[in-house]
Structures are given as C-alpha cells and as structure tokens.
Amino acid sequence: MKAADGAFAGTTPPGTLVVIGAGPAGLAAALAAAQRGVRVTVVDAAGQAGGQFYRQPAGALGARRPQALHHQWRTWERLRDGLAEQIAAGRITHLTEHHVWFVERIGRASAEQRTETEPAERGGATSGAPASGVPSGGAVHAGGVVPGRVSEGRPPASGAATPAGAASSIVPDVAASPAGPRFTVHALLGPEQEEAVAVRADAVVLATGGYEKVLPFPGWTLPGVITAGGAQAMLKGGLVLPGRTAVVAGTGPLLMPVAVGLAAAGAEVAALVESADPKAFARHAATLAAHPDKLAEGAGYAAQLLRHRVPLASRHTIVEAHGKDALEAVTIAALDTAGRVRPGTERRIPCDTLAVGHGMLPHTDLAEGLGCGVDGLNVAVDAEQRTDVPGVWAAGEATGIGGAALSLAEGHIAGRSAAARLRGSAPDPRAWAAAAKSRTKMREFAAAINAVYVPPAHWAEQLHDDTLVCRCEEVPASAVREAVEELGATDARTVKLLTRAGMGWCQGRMCSAAVAGLAGCEERSARRPFARPVPLGVLARPTDDQAEQPPST
Amino acid sequence: MNKRTPLNLARAHPGLPHTVTFDGREIPALPGRTVAATLWSAGITAWRTTRRDGEPRGVFCGIGVCFDCLVEVNGRANQRACLTPTAPGDEIRTQDGSGHGGETGEGEGR
C-alpha cells in the first residue's frame with residue numbers, strides 16, 4: 001500500500017489533491033474528486049481505510065462478518081468498493097500508516113492574507129508555520145525540500161526549489177501552478193513513527209475527524225476506565241473486550257452503540273448511565289421528527305438494549321470509580337434538574353470496565369498549523385467546505401461534530417469543489433444540491449443532539465482535591481482550583497503555565513475541557529505546533545540542502 | 001461453542017497465534033492485534049506506572065491520542081500499546097516512570 005512514490009509522474013493539470021484522513025469525510029471527498037479526474041492521495045494513520053466510524057478488524061484476524069460490529073454497512077461497502085476502483089484506475093493512492101504531523105504551505109504566497117488572526121511579530125507564522133513552538137517556519141522546512149522519502153504528487157519542478165513567486169495564489173486559483181505543488185504534507189511512518197515521509201499536492205482536504213471528550217471524576221485514571229470510543233475502537237479493530245462486566249456512562253449519542261456493541265460481543269453491561277434528560281428531547285421534537293431515520297436508529301438501539309437486558313439510567317451521572325490497582329466498582333447517582341447530584345441516590349455497581357464519554361472534540365491541529373480560521377472549536381468553512389486558506393478544504397468532524405452522515409455530505413461537497421477549482425473553474429453548487437440539503441438537515445439535527453446531550457452542569461463539584469485533572473502531568477483538581485481561585489487564572493493557558501495541566505504527552509487533548517470548565521472559561525481549540533510528537537531527528541534533518549532530496553522515481 | 005465473544009460475533013478465523021512475553025511471562029497473541037488488544041485478551045489491563053505517583057495505567061482513549069497506554073516493547077520505551085502491533089517473540093514490559101530508568105522522568109528522557 002505504500003508503493004505510491006512517484007506513481008504520479010507526468011501528471012498534467014488539474015492539479016493534485018491530498019486528502020488527510022480515510023474516514024467517511026475523507027473517502028467521500030477523495031471519491032468525488034477522483035471521479036472528476038483529479039489525482040488524489042489519501043493519507044491516513046490507520047492500516048485500513050474506514051476512520052473511527054468504520055474502523056475495520058485487522059486483516060490477519062480473518063473476520064468474515066465484521067458488519068456485526070457496525071451500522072450503515074452498505075454505505076461502507078460503497079465507499080470501500082469505490083476506493084478500490086479508483087486505486088485500480090490509478091486515480092487514488094492510499095497511503096496507510098502515515099501519521100501526519102504538519103501540513104506546510106510552500107512559498108510565502110499568503111503572507112498578506114492571514115494577518116488578522118496571527119500577530120505579525122510572530123514572523124514566519126503566516127507562511128504556514130504555527131504561531132508557537134517552531135524554531136522558525138523557514139528553518140524547519142525551507143523551500144519545499146523535505147526530509148525523508150517524498151511521495152510526489154507531481155514531478156518536481158527542477159529540484160522542487162519553490163520560488164517565492166507562488167504569490168499568485170488568489171482564492172479561486174488553486175489549479176496546478178507552474179511553480180510546483182503548493183503543499184507538503186509531513187508524516188511519520190508506521191507504528192514506530194520515526195521515519196519521515198512527505199507528500200506534495202496542489203490542494204488539501206482536511207478530514208481529520210475527532211476524538212472523545214471525557215470530563216474527570218474520582219477514579220477516572222484507574223485501569224479499566226476507558227473512553228467509550230476507545231472501548232469501541234478496541235472492539236472493532238482488535239475484536240477484544242477489556243473485561244466481563246461493563247458500565248457505560250457519560251452523555252452523547254455514542255453511548256448507546258457502545259453499550260450495544262459490548263453486550264453483543266459478550267460483556268455483561270450492568271448499566272447505561274446517561275446524564276441527559278429525556279425531557280430535553282421534547283424541546284427539540286420538531287427537529288428530531290424531521291429525521292425519522294435517526295429516530296428509527298435510536299429506537300433500534302433501545303430495542304437492542306432491552307434484548308441484552310441493559311438497564312438504562314437516564315439523568316444519572318458517574319460519581320466515582322472505585323478500585324486500588326484496577327476498577328472494581330462505580331458509584332452512580334441521580335441528577336436534579338439543575339444538574340447536581342441528588343444526595344441519597346448514590347448506587348454502587350460492581351464492574352471491571354467503565355466506558356465513559358461526554359461528547360466529541362474536533363481535531364483541528366493541522367488546520368491551525370496551516371493558519372486556517374477556527375470558529376470556537378471547529379475549523380471554519382464556507383458553503384463549499386473551503387477554509388479561509390486558499391487550497392485548503394475541511395470536512396467532517398473537524399468542522400463540527402455531527403456524525404458520519406454529515407461527514408459524508410461535507411466530504412462529497414469538498415471533493416467536488418476542490419475538483420472544479422483544481423481545474424481552474426468555479427464550481428456550480430447546483431451540482432451538489434442533494435448533498436447540500438443533506439448537510440443542512442444533518443447540521444440542524446446535530447445542533448439539536450448537541451443541545452440535548454450536555455454534561456451535568458455541576459460536574460466539577462464531584463471532583464475531590466486529589467482527583468487528577470491532567471492525566472499526563474498528574475495535576476490534581478486542587479492545583480487547578482488554586483490557580484483559578486487564588487492565582488487568578490481565567491483561561492486554560494494560564495492554568496497550564498501555573499500547574500502544567502496540558503503540558504504532557506497528549507498536549508492537553510484529554511484535559512482541556514476539564515480545565516476550561518474549572519476555570520469557568522469557554523472551551524477553545526488549543527494551538528499546537530504539531531499534530532503529534534515528532535522525533536527531534538526529523539526536525540533537525542537538514543532541509544535546505546538540495547542534495548538531500550531523494551530522487552523521485 | 002455458542003459463547004458470545006468478539007471473535008465469534010465477527011466470525012473471525014484468525015491466523016495461528018504466536019507468543020510474546022509480558023514481563024517475562026509467555027502469552028499468546030493473535031496476528032493483527034495490537035499490544036493493547038493482546039494484553040487485554042490475556043486479562044491484563046495495566047502495564048505502566050506514572051512518573052509522579054507510580055499509579056497503574058492502561059488503555060484510555062484506544063486511538064493514539066492520550067498516551068496513557070505507553071509500554072516498553074523490545075527495549076523501546078514509550079510505545080503506544082493501542083497502535084503497536086505485536087510480532088512473534090516481542091518482549092513487552094511494564095514501563096515504570098519515564099521508561100528510561102528514572103523515577104521523575106524530568107530531564108531524563110534519555
């Protein structure tokens with residue numbers, strides 16, 4: 001699957017597209033663009049396409065009925081078969097196990113375009129380098145010469161030294177530029193993630209998906225406590241269960257399929273604990289009623305929960321996870337209408353697994369590294385799914401959590417828009433009217449769902465002083481409270497500086513929501529220099545020496 | 001065998017298991033499974049202790065985001081168990097602290 005190097009030699013316009021992420025949004029975008037004659041490289045971290053929603057069991061496990069763990073399998077078959085077809089036709093190259101850590105804009109084309117979001121004194125930031133943490137944009141990757149192997153989207157323009165003259169990149173013009181490809185996607189290979197590879201293209205679709213948000217509670221660091229999505233990922237990908245008796249808790253539409261999946265795979269699911277109030281659904285009845293398919297899906301899950309005898313505790317929350325070296329039990333309790341635990345309603349449930357989640361967060365690191373505008377937590381896009389950086393589209397959960405169907409619609413639109421613009425023409429939105437209509441409906445539905453499934457308002461009151469908030473740096477709630485109440489921190493960044501919360505391995509991905517909640521500030525996307533850890537050797541490799549450039553077949 | 005298991009549910013016919021070791025003890029591993037899935041299938045849910053308090057940790061996010069499942073594989077510290085596939089004969093070890101022999105980890109990252 002990695003035999004892509006140089007496969008595109010001799011490409012003529014329309015330019016090339018790189019799609020980052022092989023989930024529903026990325027595959028829809030790649031197929032839409034490829035079907036319109038664009039050469040696409042799909043770059044994905046997993047060994048197989050599918051993303052998290054359609055995560056596949058490892059091939060060597062020989063699963064003959066993987067659909068038993070999935071929903072909307074027909075849609076997956078269409079995506080999978082479409083991908084295979086386009087790969088066979090040579091229009092799509094699928095690079096697996098490529099962990100993208102940075103997308104670089106080549107040249108200094110847009111120095112004038114993004115000054116409103118990034119202070120000018122940050123220097124190279126507008127050339128595509130992030131605002132913080134990078135020695136300097138030019139020092140890391142100067143002039144489009146990239147470390148390691150290079151998968152060329154196009155033949156190199158005489159050594160691929162990129163002239164600064166790419167300054168002609170005005171919005172509609174993302175077609176193949178005579179100056180050479182305009183983006184370099186930097187990735188690390190394989191599980192060890194130490195070898196570097198770079199992919200070049202004229203345009204980029206970011207389909208980077210999301211990850212789970214978990215708010216802390218006493219005992220949430222015990223082995224046996226996992227994210228709901230993590231339990232599902234291990235089940236779908238590894239065909240394995242963490243234990244025998246599970247509790248599924250938190251809030252959000254993910255909890256039901258997780259509980260059903262665990263039960264179907266043989267776990268005893270002792271409770272599904274959902275903090276949302278069923279009455280909240282009534283307030284959105286009209287929106288929900290406009291989605292009979294979704295209501296049927298929910299009803300189907302409810303029926304399966306009944307069949308597997310999973311007790312549902314709605315308007316309940318997890319209060320504490322108990323155990324010494326591993327999870328032994330959880331305490332749950334009922335919530336009052338204000339979102340506080342009702343004293344005296346606590347109930348202890350023995351279990352060895354707790355799958356917990358409080359919603360999803362979008363992956364925005366690559367978009368922010370490129371300098372794309374962000375709206376709250378989401379990558380900001382226009383009606384064509386374009387970001388405000390020319391040549392960069394975004395689709396799926398990265399632009400707002402809304403599920404697989406919305407991701408498919410957004411990806412399709414992004415792919416069609418990119419294909420047209422790579423041909424140098426303005427696309428006709430009527431061509432994707434059906435997808436746009438679906439997008440509108442699904443966004444309305446997502447807004448209703450996100451309004452219903454909210455964590456308990458007073459979740460932070462359940463945290464003991466010694467409850468860890470930042471798992472990586474082992475920062476307890478008392479330290480965060482002290483930073484907020486006594487030292488005056490009002491934002492996550494100040495809390496980080498005072499406590500180290502968010503400074504560890506995960507770079508705040510696991511604690512940012514909790515820190516924001518404790519600091520009483522709005523949750524914002526965090527600017528991170530790179531989307532994942534990068535070995536110093538990769539960063540240190542000389543990039544301005546043309547002799548370093550490997551031949552491109 | 002009507003027992004409900006994930007493998008039965010997906011009608012999996014995996015290749016022959018190989019053997020890996022966890023802290024010196026031999027455990028069977030199905031091809032294709034990650035270190036985390038292999039350890040889970042052997043009933044092991046913790047394989048790391050934290051730098052500050054020495055608390056046990058295992059899989060948390062399951063998709064490579066949280067870094068809680070770090071483990072030592074064939075002498076290499078800080079491998080994410082949820083992303084790393086096993087190979088026959090892999091020596092998997094509990095990772096203490098920073099994984100580089102220090103308790104605090106600070107400044108000892110080799």
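In chain B, strand E3, which covers residues 48-49, is joined by two bridges to strand E4 of chain B, and the two run antiparallel; helices (H or I, at least four residues) and strands (E, at least two) are DSSP runs numbered from the N terminus, and two strands pair if DSSP finds at least two bridges between them. The model is a predicted one, in which local features need pLDDT of at least 70, side-chain atom pairs count only at pLDDT 80 or more, and totals for chains, interfaces and linings use all residues. Residues are numbered from 1 along each chain as its sequence is written, chains are lettered from A and ligands numbered from 1 in the order in which they are written, and side-chain values use heavy atoms, with hydrogens and water left out.

Within this pairing, B:Thr49 stands opposite B:Pro56 of strand E4. The pairing belongs to an open sheet of three strands in chain B, in the order E4-E3-E8 and with mixed pairing. Its edges are strand E4 (56-57) and strand E8 (95-96) of chain B, each of which pairs on one side only. Strands of a sheet pair through backbone hydrogen bonds, either parallel or antiparallel.

Chain B as a whole contains two helices and eight strands, which follow the pattern α-β-β-α-β-β-β-β-β-β along the sequence. The C-alpha trace of chain B spans about 50 × 25 × 20 Å along its principal axes. Of the 110 residues in chain B, 55% are buried, where buried means under 20% relative accessible area, exposed over 50%, and partly exposed in between, with a 1.4 Å probe and protein chains only. Among the contacts in chain B (heavy atoms within 4.5 Å) with a separation of 6 or more, 38% are between residues 24 or more positions apart.

Most residues other than glycine have a negative phi. A:Glu97, however, has a positive phi, near 50 degrees, and A:Glu474 likewise has a positive phi, of about 55 degrees. A:Glu97 lies in the loop between strand E3 (92-95) and strand E4 (98-105) of chain A, whereas A:Glu474 is found in the loop between strand E22 (468-470) and strand E23 (475-476) of that chain. Is each of these residues buried or partly exposed? A:Glu97 is partly exposed because its relative accessible area is 27%, while A:Glu474 counts as buried because its relative accessibility is 3%.
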